[in-house]
Amino acid sequence: MSLRTRTHIYPHKRYYWYSGSPVAEWLDDFSDWLKASGYCNTVIRNHVAAMRYSLEPLAPLPRGRCFSQAELEQIVTHPKRPQGFAHARWAFGRFLQSCDQWIDLPSTAPHAELIGPFLQYLTEMRGLASVTVKQHEWYARLFLDAVVPTSGCLANLSAADIERFFAEQSRRRCRRSIIDLAGYVRVLLRFCVERGEVAPGLEAFDIPRRYCDELPPRAIPWTLVEQLLESIDRSTPIGLRDHAIFFLMAHYGLRTGEMSALTLDSIDWQARTLRVGQNKTRSILILPLTDPAAKVLQRYLRDGRPTTERPELFLRSLAPVGALTHGAIACAFRRHATRSGLPLSDASPYGLRHGFAMRLLDRNVGVKVIGDLLGHRSLEATSAYLRLQIDSLRNVALPLPGGDHARQ
């Protein structure tokens with residue numbers, strides 16, 4: 001970090017106070033990482049102060065020393081500022097991981113002997129993405145903590161234990177959530193059966209049924225989409241970002257996961273195209289970049305996107321700077337839907353995608369073309385997007401036989 005940058009972050013005298021510390025090299029590198037990650041100067045000063053207080057008792061401290069999570073929890077702590085030091089400890093751990101100075105000790109959590117091989121199986125044998133593996137880990141721990149005590153034996157697991165687990169979960173989960181949970185538990189139990197941990201047949205428990213077209217369509221009418229986009233405050237960087245996200249979702253029918261995966265290189269300004277990696281089909285879709293979409297993106301890039309070397313197109317507003325997740329996009333949609341005052345209490349970002357499909361259908365676009373734009377492999381998947389709204393059903397209702405005579 002240059003002297004100008006250091007004195008910009010710290011008051012002039014305080015900078016020399018830090019530069020005289022026996023762990024000044026650690027503090028300089030940590031401060032550089034915080035600045036590059038998008039932390040504001042106030043947070044940088046607080047984190048560096050916490051690490052100076054925590055690391056100086058260890059001096060002399062070689063710059064290449066590695067730390068583990070357990071060590072940091074013992075070192076970086078303060079009785080009067082526990083929350084502030086916890087935040088600094090988390091950031092310092094991320095900094096150590098970026099420098100390859102992080103020690104991953106064997107997990108001492110319950111059921112670690114089973115969870116470790118299970119995650120390795122999902123990664124190496126099933127080829128699942130890291131995000132999906134984390135979801136399996138969370139649900140596996142939820143299930144094991146509930147049905148198998150820490151000191152218990154998995155071999156004693158019975159069908160009654162599984163039934164009690166789902167009966168308890170059904171009190172706080174909807175049917176769709178129970179179905180998803182059952183899928184994760186089945187994968188875990190199949191793995192345990194293959195290892196001889198549990199009795200064969202336990203993985204074949206009954207689960208609730210979900211029927212095709214049992215729920216009403218999720219498409220948001222185009223008039224409401226226009227009103228929602230217009231209601232977003234574009235005087236702030238966050239507003240410009242969210243408006244650009246939902247504009248692209250509404251006009252291109254993109255998924256939330258596809259939005260979070262967009263990068264600066266996804267936009268070809270010369271060819272006027274948008275390159276979208278479709279996460280479900282693992283294919284690339286090249287879409288034309290319309291003039292309205294180009295204007296929205298240009299304004300966001302000029303006034304809304306933070307200055308950073310990160311390649312992702314849409315970034316978090318809070319440090320550390322990183323890609324916006326699909327969950328954050330869903331939260332932003334609910335926030336803007338509530339502020340707009342529109343009848344969108346039960347809507348989700350996928351309603352924009354469904355509305356895009358309905359809009360194309362109204363314009364007499366073929367179902368096959370709609371499916372290609374949505375990234376579907378079958379017409380059956382596309383048909384779920386093209387179910388008519390209840391109000392539209394009235395327009396196609398057949399007259400009752402003898403209706404005219406009945407009215408007379």
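Are Y139 and Y184 buried or exposed? Y139 is buried, as is Y184, where buried means under 20% relative accessible area and exposed over 50%, with partly exposed in between (1.4 Å probe, protein chains only).

This is a predicted model, in which local features need pLDDT of at least 70 and side-chain atom pairs count only at pLDDT 80 or more, while totals for chains, interfaces and linings use all residues. Residues are numbered from 1 along each chain as its sequence is written, and side-chain values use heavy atoms, with hydrogens and water left out.

Rings of Phe, Tyr and Trp (its six-membered ring) pair if their centres lie within 6.5 Å; planes under 30 degrees apart count as stacked, over 60 as edge-to-face and the rest as tilted. The count under this rule is 19 aromatic pairs. The ring centres of Y139 and Y184 are 4.4 Å apart and the planes lie at 15°, so this pair is stacked. It links distant parts of the chain, with Y139 in helix α8 (residues 130-147) and Y184 in helix α10 (residues 175-195), 45 residues apart. Helices are DSSP runs (H or I, at least four residues), as are strands (E, at least two), numbered from the N terminus.

Two arginines have the charged end over a ring (CZ of Arg, or NZ of Lys, within 6 Å of the ring centre and within 35 degrees of the ring normal).

| Charged residue | Ring | Distance to ring centre |
|---|---|---|
| R186 | F205 | 5.3 Å |
| R359 | W222 | 3.8 Å |

Q101 lies in the loop between α6 (82-98) and β2 (102-103) and counts as buried at 7% relative accessibility.
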